[in-house]
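Please have the sequence and the model at hand.

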Amino acid sequence: MGSGAVRARYLVYFQYLGTDFNGVAAVRGAQRAVGVQNYLEEAAAKLKSVVPVKFVISSRTDAGVHALSNAAHLDVQRHSGQPPFPPEVLTEALNSHLRHPDIRVLQAFRVPSDFHARYSATSRTYLYRLATGCTRPDQLSVFERDRCWALRADRLEVAAMQEAAQHLLGTHDFSAFQSAGSPSTSSVRTLRRASVSSAAAGPWVLPQECRRLRFWSLEFESQSFLYRQVRRMTAILVAVGLGALTPTQVKMILESRDPLGRHQTRVAPAHGLFLKSVLYGGLGDFEPPTPT
């Protein structure tokens, strides 16, 4: 650090539509694919920090997955004699330099130098959106495409899905719901909340379509999740809703700890999934409203 230069650490919340990105993580090298982090760090380069700004992402999301609110920490070291950016100035500066319209910085907070966006998180919540009654792709509003999983079925057995979700609550070995490639050394996680509920149609769904289409929300909360755990749990619960599995079978799948079993290889599409919130036990928490 240069003489007199002050390094400030910030917690930054940001959101994005994941359709155009190869996930949130930066893609390095000469590949054509690009991550949300690439654009955030490109914008941060305009801050003229003494040391290049790197975003440490709280929650990695796959290609096509959206975020109502993800989080990251970053260090900005201004030149000698320049005070740290106020958080609101940092937010405005990052947004003004972002070159992709599907990314927005929501809010920034100053945090201690030992704060870590990934390891300090106390809660993460994911939202998965479903639509029923959509027998053809063209029956879904263009504003809903790539933002929900459109099912051909007219209805779901929601009570059975809710019963099945109860088997997933608590502390378990979730190996059966983990995809290959997970960096986690342990597959034990504590699922605090798993809910299935109806959701209101958005204002872009025409009145005549509301009689045919219904929307549903699945929410899962834990301190952390395994790779693709939420999408695999969603796929299993949808199978219950369609009558292909029973709630008891979900319990058996969980207890099997087998990720390659006949049923648990199903993975819900990425485009229906949203990272809803990342919380830090009251430290700069930001929780956006749930989309209807």
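Buried means under 20% relative accessible area, exposed means over 50%, and partly exposed lies in between (1.4 Å probe, protein chains only). By that scale E219 is buried, at 10% relative accessibility. The model is predicted: local features need pLDDT of at least 70, side-chain atom pairs count only at pLDDT 80 or more, and totals for chains, interfaces and linings use all residues. Residues are numbered from 1 along each chain as its sequence is written, and side-chain values use heavy atoms, without hydrogens and water.

A salt bridge puts a side-chain nitrogen of Lys or Arg within 4 Å of a carboxyl oxygen of Asp or Glu. The structure holds 14 of them.

| Pair | N to O distance |
|---|---|
| R228 and D62 | 3.2 Å |
| R257 and D173 | 3.9 Å |
| R193 and E219 | 2.9 Å |

Helices (H or I, at least four residues) and strands (E, at least two) are DSSP runs, numbered from the N terminus.

R228 sits in the loop between β9 (214-222) and α5 (229-241), and D62 in the loop between β2 (56-57) and β3 (66-77), so their bridge ties together parts 166 residues apart in sequence. R228 is partly exposed, at 32%.

R257 lies in the loop between α6 (247-256) and β10 (273-279), D173 in strand β7 (residues 170-173); the pair ties together parts 84 residues apart in sequence. R257 is exposed, at 52%.

R193 in strand β8 (residues 188-199) and E219 in strand β9 are 26 residues apart. R193 is partly exposed, at 29%. Salt bridges with shared partners join R192, R193, E219, E221 and K276 into one network.
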